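Subject: Structure handover

Hello,

Here is the structure we spoke about, followed by notes on what was found in it. Please read the notes with the structure open.

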Amino acid sequence: MNLSETAAILTAAGRSVRMGTPKALLDWAGKPLIAHQVAALAGCAQVLVVLGHEALAVRPFVPTGPRVTVLDNPDFEAGRASSIALACRFLASSPAPRGVLLVAVDQPLPPALPRFLMDRVAGDSLAVQPVFEGRCGHPVWIHRSLLPELLRLEAHPEGLRSLLQQHRDHLQEVPVPFPEVLLNLNHPEDYEAARAACL
């Protein structure tokens with residue numbers, strides 16, 4: 001599958017309580033993390049950036065372009081599922097991509113990963129997840145036929161994990177050479193450790 005047939009949903013609406021500062025504005029390779037993420041997704045058909053908490057502070061750092069759309073989630077307190085649902089409703093108003101790549105702002109992407117992952121999507125896959133040394137990581141790709149289920153993600157007991165489990169017979173795990181797929185920048189110490197390991 002070509003990356004240009006995929007839309008990316010980049011969620012950056014949370015409060016970053018554990019980090020103590022907006023994760024979207026953390027420095028990553030000399031630029032705000034949100035700018036790094038959008039740049040890594042440049043080959044996608046669309047990049048939907050969902051903002052919420054501190055949206056006014058973050059918005060100026062979102063790179064602009066014809067394929068980048070910023071959405072404001074007034075219900076961001078309801079959690080990430082509400083941001084994903086908002087973006088899926090937006091996608092419903094335009095020609096549907098073949099699938100969506102679900103990206104969190106606090107999970108830094110290696111720039112080569114999105115294309116590497118999409119180049120390996122099998123024809124019968126409903127979901128695709130990268131795997132590094134036997135451990136499942138992110139981002140996750142979801143086929144467009146499951147977009148209605150993404151709209152109801154909050155109803156799943158464990159969110160995205162429940163959806164993947166429900167469709168495990170059509171879940172494709174793709175081995176990747178990028179340890180970054182396991183990163184989650186939740187606390188300051190996570191951030192410092194990730195910078196030391198990856199930059």
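The model is predicted. The notes go through it by region.

Strand β7 and its partners

Strand β7 covers residues 127-132. Six of its six residues are buried, so the strand is largely enclosed by the rest of the structure. Ala127, Gln129 and Val131 point one way, while Val128, Pro130 and Phe132 point the other way.

Which strands pair with β7? One is β10, which runs parallel to β7 and is joined to it by five bridges. Gln129 stands opposite Glu173 in this pairing, and Val131 has Pro175 as its bridge partner in β10. Another is β9 (residues 140-143), antiparallel to β7 and joined to it by two bridges; here Val128 is partnered by Trp141. β8 also pairs with β7 in the antiparallel sense, again over two bridges, and Val131 stands opposite Cys136 there.

β7 and β8 form a hairpin with two residues between them. Glu133 is in the turn and has a positive phi of about 50°. With a relative accessibility of 70%, Glu133 counts as exposed.

Strand β10 (residues 171-175) has alternating side chains.

The aromatic pair

A search of the whole structure finds one aromatic pair. The ring centres of Phe116 and Phe178 are 5.5 Å apart and the ring planes are at 85°, so this pair is edge-to-face. It links distant parts of the chain: Phe116 belongs to helix α4 and Phe178 to the loop between β10 and α7, 62 residues apart. Phe178 counts as buried, at 15% relative accessibility. Phe116 also has the charged end of Arg120 over its ring, 3.5 Å from the ring centre. The C-alpha atoms of Phe178 and Glu133 are separated by 9.5 Å, although these residues are 45 apart along the chain.

The largest nonpolar core has 41 residues. Those with the most contacts inside this core are Ile34, Leu41, Val49, Leu101, Met118 and Val176. Elements that each supply at least two residues of the core include β1 (6-12), β4 (46-51), β6 (99-104), α1, α4 and β7. Apart from this core lies another, of 24 residues, among them Ala81, Ala87, Val140 and Leu146.

Helix α1 (residues 33-40) is mostly covered, with seven of its eight residues buried. Among them are Leu33, Ile34, His36 and Gln37. Leaving aside neighbours within four places in sequence, the contacts of Ile34 include Leu10, Val49, Leu51, Phe61 and Val105.

Ser83

Where is Ser83 placed? This residue is in helix α3 (residues 80-91). Is Ser83 buried or exposed? Its relative accessible area is 2%, and the cut-off for buried is under 20%, so Ser83 is buried. The side chain of Ser83 makes a polar contact with that of Asn73, at 3.0 Å. Beyond neighbours within four places in sequence, Ser83 is in contact with Thr11, Ala13, Val50 and Asn73.

Regards

Terms used: Residues numbered from 1 in each chain as written. Predicted model: local features only at pLDDT ≥ 70, side-chain atom pairs only at ≥ 80, totals over all residues. Heavy atoms only, no water. Buried < 20%, exposed > 50% of the residue type's maximum accessible area, 1.4 Å probe, protein only. Helix = DSSP H or I, 4+ residues; strand = E, 2+ residues; numbered from the N terminus. Polar contact = N/O pair within 3.5 Å; in protein donor to acceptor, adjacent residues only side chain to side chain. Contact = heavy atoms within 4.5 Å. Pairing = 2+ DSSP bridges. Core = buried A, V, L, I, M, F, W, Y, C linked by side-chain atoms within 4.5 Å. Phe/Tyr/Trp six-rings, centres within 6.5 Å; stacked < 30°, edge-to-face > 60°. Lys NZ or Arg CZ within 6 Å of the ring centre and 35° of its normal.
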